[in-house]
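Visitor: I would like a close look at a single part, the place where two chains meet. Please keep the tour brisk.

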Amino acid sequence: MTNLAIKTENLTKRYGSLEALKGVDLEVPPGFLFGIIGPDGAGKTSLIRTLATLVLPDGGRASVLGHDVVAEYRSIRNKMGYMPGRFSLYQDLSVLENLQLFASIYDTTIEKNYHLIKDIYQQIEPFKHRRAGQLSGGMKQKLALSCALIHEPEILFLDEPTTGVDPVSRNEFWEMLEDLKKKGISILVSTPYMDEAKLCDMVALIQNGTILSVNTPAEIVDSYNTPLYAIKATNKYQLLKDLKSYSYAASVFPFGEYIHYTDQRGLNVVEELKKHLEANNHSGIEVVSIAPTVEDCFMALMDEQV
Amino acid sequence: MRIIYYLVKKELLQIFRNKGMLPIIFVIPIIQLVILSNAADFEIKNLKLYFIDNDHSAFSRLLQSKLEGSQYFMITGSGLGSQNGDAAMQNDLADLVIELPRGFEKKLMREGFDKIQLRINAIDGTKAGLASIYASEVISDYNREIRDRYGASRSLILDHTEGNKIEITYSNWYNPDLNYKTFMVPGILVLLVTMIGAFLSSMNIVREKEIGTIEQINVTPIKKHQFIIGKLFPFWLLGLVELSIGFLIAWLVFEVPFIGNIFLLYGFAALYLLLILGMGLFISTLTQTQQQAMFISWFFLVVFILMSGLFTAIENMPVWAQKVTLFNPIRYFIEVVRMVMLKGSGLFEVRWHILIVLLYAIALNGLAVFRYRKTV
């Protein structure tokens, strides 16, 4: 028997004519904080819902903790925690009532497993008699995570937990995940934010229902072997247009206040670029050679796909 | 068991916290019961009568005063000639016209009989039927009086009937005063319990689908039957509480007699609620939003209510419609409520009703459970 936390083979899922998953092969080792990163509509939610035994796959196989998602779904449900993208606890029940309900559904009590949720739950405990619907976004998320953890799961599925959450709460949330991982819980988390990739142990990039690559964040950056330039000028829009129409341009992406650029020539072209831009009447020009981030690698990978 | 207990507790908490639903569940049915039972009165009094007396004799005046004296009629006009009566009916000033021919008294005295004419506005069939019955009653009473006074050979023949040689006397069993409330209140009570049960259960699971909470429940190891029992039990309980409140009102406000065994009725109601909740559950497995569930329940309930035998006697329906009512659960409960409450029927008399409702409940719940899959 495999000791992988998650294993899928040629997993497919379709909704009518829409193919949400086109043969996904994935192996997630136990105890990993594994990220699934991809744009909206890439198939992240379909993959997580299939693994969480909420929908049946149309083809291929998938197993979680060695249990088949179709035949042995009941064993999986006892061992996993799931947090859907949309807040799905009872808004008209209080924090405590929600937690009690989920504890009793799993035939356990809050007291028994308090140690598991202590760090997270303590932050919302002062509001335990408040209705869940009246909590702030960050607090709702902590409650949802507490409810997903109350039965001591071996694996956690988190579907876009940080979407629509402020940057401070996002950081906090990732710290919580790090702590949970230390307790030996395998975590599968999906996110549309590429900057969160570097916080994972391993990252799978998914697009159009296909996994493009599975790597550690460091490997991803290492695999990026073309020189990358960050370019800035006063008129950013004009700059973007000019760079895109530049005959040597390989890729051009807006990235914060800079534009990330790669060149087909593969040499150090800082000076040439400066000259080219000056010739096009740009002012405040800044061209620096930089080290790539995970996001650059993904943009490049996704570009290759298209 | 522990899990079901917690699910029921959660459901009850949610119901009692829902400030919008609570009044709907308890106050509105009570108000409806009180209002509907007073309004749904089929008794017709004060029918507008146009009296055409072409004879102006002692005999004709006697008939007029008899009609006037009846609580059913109100003479709104009188005159000579048919056309006046027709005009009155045309202008909705008369529900019926009675016309006595010229020489009415003379013919009755000499030949021993005469004919009078009765014309009835039959736009409302029920009303027309009743008007005809009431008028016949008054006229046969008049007949009797004439015979007593002037000898048995004299009789009046209504235009559309043969001579009234046989007298009919009535005795109304089980509802001696023909009190409509006695008849209607138990039926309306059934409707209210049905509506509450069907609407609440059909909208409940679909609500969890709509707001997404069913996802979080579905990933847990909860078993189908636990979830469904947890969902239906609170509404089953509510239905019985509702029924009890209704019985109390029927007894205190309307003084409806309760002749049969109350436990038999509760037993039947418990079974009946299972059927209704199963129907609601089935609807909620077919729908995606509360709106859809509401409309589908509404559609079925309207058909069931109108064909329940409460507003139109099932015996009056065409044969095919009578057959359709065999599939109407409300029909059975209304029959049983009336039989047990008013007639004092026992278990043996309602055994077929019990069997049918039981089979129906098993079928609907089975279908609902089959349709309800945790992995959507």
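How many salt bridges are counted between chain A and chain B?

Guide: The count between chain A and chain B is four salt bridges. A salt bridge here is a side-chain nitrogen of Lys or Arg within 4 Å of a carboxyl oxygen of Asp or Glu. First, the ground rules. This is a predicted model, in which local features need pLDDT of at least 70 and side-chain atom pairs count only at pLDDT 80 or more, while totals for chains, interfaces and linings use all residues. Residues are numbered from 1 along each chain as its sequence is written, chains are lettered from A and ligands numbered from 1 in the order written, and side-chain values use heavy atoms, without hydrogens and water.

Now the salt bridges. In one, the side chain of A:R49 meets that of B:E215, at 2.5 Å from N to O. The interface of chain A and chain B also has 14 residue pairs in polar contact, both residues at pLDDT 80 or more. A polar contact is a pair of N or O atoms within 3.5 Å; within protein, one must be able to donate a hydrogen and the other to accept it, and residues adjacent in sequence count only if both atoms are side-chain atoms.

Which elements of chain A take part? α2 (73-79), β6 (80-83) and α3 (95-105) each supply at least two residues of the side of chain A that touches chain B. Helices (H or I, at least four residues) and strands (E, at least two) are DSSP runs, numbered from the N terminus. α3(A) gives the most to that side, with five residues. The residues of the side of chain A that touches chain B are 14 nonpolar, six polar and eight charged. Ala, Val, Leu, Ile, Met, Phe, Trp, Tyr, Cys and Pro count as nonpolar; Asp, Glu, Lys and Arg as charged; the others, Gly among them, as polar.

Next, the extent. In contact (heavy atoms within 4.5 Å) are 28 residues of chain A and 26 of chain B. Chain A and chain B bury about 2700 Å² between them. Carbon and sulfur atoms carry 55% of that area. Buried area is the accessible area (1.4 Å probe) that two parts lose on being put together, summed over both. In chain A, the residues that lose the most area to chain B are A:R77, A:Y90 and A:I105. Together they make up 23% of what that side buries.

Last, the partner. Chain B is divided into domain 1 (7-40 + 178-371) and domain 2 (47-158). These bounds come from an automatic or database domain assignment. The C-alpha centres of the two domains of chain B lie 48 Å apart.
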